[in-house]
Amino acid sequence: MKISATIAKDIAGTLLDIHAIKLSPKAPFTWASGWKSPIYCDNRMLLSYPEARNKVALAMSKFIEEKYPQVQLIAGVATGAIGIGMLVADRLGLPFVYVRPEPKKHGRGNQIEGSFNPEDKVVVIEDLISTGMSSIGAVKALKAHQVEVLGMVAIFSYLFDIAQENFSQENITLDTLSQYDALLEEAKDRDYISQQEIETLAKWRLAPDKWN
């Protein structure tokens, strides 16, 4: 089962509407990694817009219900996916936990916050996939606690080749409500950016670490 192209474009449009995704080929952003980028995606913006966040939570919940009917637990990757993960868990009537990048340095030293049982069947929620390394780290933390990870569902992916390779190597099933190609198509249909800018964005995606 895959996310339909219609849903992918609709979610991309919603992210554009609330300025969660900003396209700026002429004045690139600088990522924490140092990469120069003509796009910046901040899906935490969804939490401030009830209609948009409910649309995303509903789409994600329906997809999980259909693809993973055996799911017993929802896990959000901290911090970006905690909010949307909780909304999805609430809609599905399931327990929720979230996974830190690393164990706390104090208190109980937890990396996974919340109550769960070994062998629980879990779907992991992520807000954004770039290289995928932090997302994969969360999955590994869950597996180390003997839960069964059915798959991961994210809001948006840049569709970098390196991310697809990383998920494939770890044998993790990844689905995303929307992704880079759907975003470019939606932006083009809206005349949001010019054809030349779309071509710039397409080239950037092929080699983001070398683009300037």
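Leaving aside neighbours within four places in sequence, R205 touches Y158, L159, F160, Y180 and D181, where contact means heavy atoms within 4.5 Å. R205 is part of helix α7. The structure is a predicted model, in which local features need pLDDT of at least 70 and side-chain atom pairs count only at pLDDT 80 or more, while totals for chains, interfaces and linings use all residues. Residues are numbered from 1 along each chain as its sequence is written, and side-chain values use heavy atoms, with hydrogens and water left out.

**The chain as a whole**

- The chain has 7 helices and 10 strands; helices (H or I, at least four residues) and strands (E, at least two) are DSSP runs, numbered from the N terminus.
- The radius of gyration is 17 Å, close to the 17 Å that the globule rule gives for 212 residues, so the chain is as compact as a globular protein of that length. This radius is taken over C-alpha atoms, and the globule rule is 2.2 Å times the number of residues to the power 0.38.
- Along the principal axes, the C-alpha atoms fill a box of roughly 50 × 30 × 30 Å.
- Of the 212 residues, 50% count as buried. Buried means under 20% relative accessible area, exposed means over 50%, and partly exposed lies in between (1.4 Å probe, protein chains only).
- Of the contacts between residues at least 6 apart in sequence, 65% join residues at least 24 apart.
- The accessible surface is about 10,800 Å², and 48% of this surface belongs to carbon and sulfur atoms. The areas come from the Shrake-Rupley method with a 1.4 Å probe, and for residues only the protein chains shown count as cover.
- The chain carries 23 positive and 26 negative charges, and their mean positions are 4 Å apart. Lys and Arg count as positive and Asp and Glu as negative, with His and the chain ends not counted. Each charge is placed at NZ of Lys, CZ of Arg, CG of Asp or CD of Glu.

- Helix α6 covers residues 180-189, and its buried residues are Y180, A182, L183, L184, E186 and A187.
- The cover over these buried residues includes helices α1 (5-17) and α7 (195-206), together with strands β1 (21-23), β4 (39-41), β9 (148-157) and β10 (174-179).
- At the N-terminal end, Q179 caps α6, with a side-chain oxygen 2.8 Å from the backbone nitrogen of D181.
- The side chain of D181 also has a polar contact of 3.4 Å with the side chain of R205. A polar contact is a pair of N or O atoms within 3.5 Å; within protein, one must be able to donate a hydrogen and the other to accept it, and residues adjacent in sequence count only if both atoms are side-chain atoms.
- R205 counts as buried because its relative accessibility is 17%.

- In helix α3 (residues 82-92), the buried residues are I82, G83, I84, G85, V88, A89 and L92.
- The cover over them includes helix α2 (50-67) and strands β5 (73-77), β6 (96-99), β8 (121-129) and β9.
- Just after α3, G93 takes a positive phi of about 65 degrees.
- S135 sits in helix α4 (residues 133-144). Its relative accessible area is 1%, so S135 is buried.
- Apart from neighbours within four places in sequence, S135 is in contact with E126, L128, I129, M152 and F167.

**Backbone exceptions in loops**

- Most residues other than glycine have a negative phi, and most peptide bonds are trans.
- A cis peptide bond joins A78 and T79, with omega at about -5 degrees. T79 is in the loop between β5 and α3.
- N171, which is not a glycine, has a positive phi near 55 degrees. N171 lies in the loop between α5 (161-169) and β10, and is exposed because its relative accessible area is 67%.
- D191 is not a glycine either, yet has a positive phi of about 55 degrees. D191 lies in the loop between α6 and α7, and counts as exposed because its relative accessibility is 67%.

**The loop residue D42**

- D42 is in the loop between β4 and α2. Its relative accessibility is 19%, so D42 counts as buried.
- The side chains of D42 and R44 form a polar contact of 3.0 Å.
- D42 and A20 are 22 residues apart along the chain, and their C-alpha atoms are separated by 5.0 Å.
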